[in-house]
Each structure stands twice: as C-alpha cells, then as structure tokens.
Amino acid sequence: MVTVLVVDDDANFRLLARRALEQANLTVIEAYSGQEMLDRFAANTVDVILLDIMMPEMDGYEACRRLRSLPDGGLVPVLMLTGLDDIESIKNAYEAGATDFISKPVNWLILGHRVLFLQRANRQIRETVQQELNNLAALYDLPELAIPDEDDAEWQEEHTEMLRAIYTLQNIVGGELFNQYFTDFLGDIQVLLKQLKEAANLEDELEIKDKIITLKVKFGTLSARTLNNDCEEILSLNIAENVEKMRTIVNKIITRFDQVDEIIRERFGL
C-alpha cells in the first residue's frame with residue numbers, strides 16, 4: 001500500500017486531497033505545518049509527500065529543505081503545490097529539493113495517478129541503480145554492492161537524486177522529445193560554463209553572477225546539489241577581493257559538470 005503524507009494548513013484542502021487519494025486506494029497521513037510534516041515523516045513510512053508552499057511559520061520551501069537534510073529524507077518524492085503558472089514558485093520548489101510540482105487549483109481526478117506515477121518512477125530508479133551496482137560488483141569480482149541505507153545522505157544527494165530527476169523527466173516527456181530536449185539542455189549548460197570562464201578571466205563581476213544564477217536554476221533541475229553549493233559559494237564572495245578563489249571554484253564547477261555530463265550522456269544514450 002502506498003502512503004501519502006499531505007501537508008497543508010487548510011483543513012478543507014486536506015479533506016479533499018484525502019478523498020481523492022483514498023479513491024485511488026492510497027493511504028493518507030495528514031500534517032498541517034512544516035514541522036508536523038517532519039514529525040510525521042520521522043514516525044511513519046512515507047512513499048510520497050504532497051506539500052503546499054504557503055504555510056505559516058515554516059513554508060513549503062523550508063520544510064522541503066529540512067526534509068532533504070534528514071538522513072532518510074533524500075529519496076522520498078515530494079510533489080509541491082504551486083500557484084497556476086507561477087514560474088518563480090516552480091523554480092524555487094526545484095531549488096528547495098522538490099521532485100515535481102502540481103498547480104492549484106488541483107485536478108482531483110488525476111491527483112492519485114500523479115502520485116502513483118511518482119512512487120513507481122522512484123521505485124524503478126532505485127531498482128535500476130541497484131542492478132547497475134550489482135553489475136559493477138560482478139565486473140570487478142567484488143562482494144555484492146547495495147544502495148546504501150538511507151543514512152547515507154551524501155550518496156543520495158549526489159547520485160540518486162540526479163538520476164531520479166532525469167528518469168522522471170524522461171518518463172514524462174518520453175522518446176525522441178526527451179533526447180532532443182536534454183541534449184539541448186546539457187549543451188546550454190556547456191555554453192554557460194564557457195561564458196562563465198570568460199567572465200572569470202575578465203573579472204566581470206556582474207556577468208559572473210548573472211551566469212551563476214542561471215546555472216543554479218539548471219543545476220536545480222538536475223538535483224546536482226554539490227554544483228549548486230559551488231554556485232552559492234561564488235555568490236557569497238566579494239569577487240574583487242577573492243579573484244583566485246572564485247576562479248578555482250569556477251574551474252571546479254566546470255570539471256564536476258564535465259563528469260556529470262559524461263555520465264548522463266552515456267546513461268541515457270544522448
């Protein structure tokens with residue numbers, strides 16, 4: 001049985017969500033705040049979280065960030081509720097660690113299907129990763145490898161999150177459209193990195209920050225958190241006083257993304 005944690009301070013919304021999800025044979029747990037979500041998640045086995053953005057005391061962004069920082073919070077799919085066509089909210093949702101978003105007003109007829117899709121995609125990705133680990137073990141004559149327990153947050157963040165985000169997109173878009181989109185997406189990042197390096201060489205602070213902000217959005221789409229953190233570090237610098245440090249981080253971003261780019265292209269046949 002799939003268990004969904006519905007998080008919203010509006011009791012009427014929680015009631016409607018419960019009815020829609022239970023009609024899809026899903027088990028529902030409710031929380032009225034971000035903190036209660038974290039408490040409920042710690043006390044129950046949760047397969048998917050439906051999380052509203054607008055809540056008092058702790059909004060959905062902060063609740064999602066705190067969830068992702070928990071030892072066992074890196075893998076659970078989070079479907080975040082945003083305003084209709086609110087691009088800024090969607091961008092912030094992905095940056096906070098959301099797996100996907102759904103716009104309000106919610107189409108109750110498809111909500112259960114959307115949740116089941118996320119749960120199945122998440123399970124498929126874990127099985128795929130596990131199979132690849134087993135293949136590696138056989139290739140190098142190693143003891144059987146396993147996906148680390150959910151206390152290995154670093155592994156989750158650096159590998160599983162990225163794979164899940166891309167597999168989810170592939171399942172949504174599908175086929176040749178996904179291949180074309182993602183080839184262009186990776187190419188756009190490479191162009192931005194080239195422009196970033198040129199700006200770093202010229203010490204053009206405005207251009208550097210402009211490229212870094214754009215890259216952060218794209219790395220957020222990939223759930224590439226280390227790259228996001230590198231971008232945050234550059235944004236926090238006084239570039240005029242830390243030119244060499246900034247250039248070092250830029251080179252590190254380029255090297256890391258080259259590795260990610262190679263893995264993605266090989267994994268998805270791009």
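Tutor: What follows covers one group of helices and their contacts. This is a predicted model, in which local features need pLDDT of at least 70 and side-chain atom pairs count only at pLDDT 80 or more, while totals for chains, interfaces and linings use all residues. Residues are numbered from 1 along each chain as its sequence is written, and side-chain values use heavy atoms, with hydrogens and water left out.

Helix α3 spans residues 60-69 and helix α4 residues 87-96; helices here are DSSP runs of H or I with at least four residues, strands are E runs of at least two, and both are numbered from the N terminus. The axes of α3 and α4 lie 8 Å apart, at an angle of about 20°. That makes α3 roughly parallel to α4, a term for angles under 35 degrees. The crossing of α3 and α4 is right-handed, meaning that the near helix is turned clockwise from the far one by less than a right angle.

On the α3 side, the contact (heavy atoms within 4.5 Å) is made by Y61, C64, R65 and R68. Their partners in α4 are S89, N92, A93 and A96. Sorted by class, this contact of α3 with α4 holds 4 nonpolar, 2 polar and 2 charged residues.

Note on methods: Axes fitted to C-alpha atoms, helices over the stretch in contact; angles between N-to-C directions. Parallel < 35°, antiparallel > 145°, perpendicular 65-115°, else oblique. Nonpolar A, V, L, I, M, F, W, Y, C, P; charged D, E, K, R; others polar.
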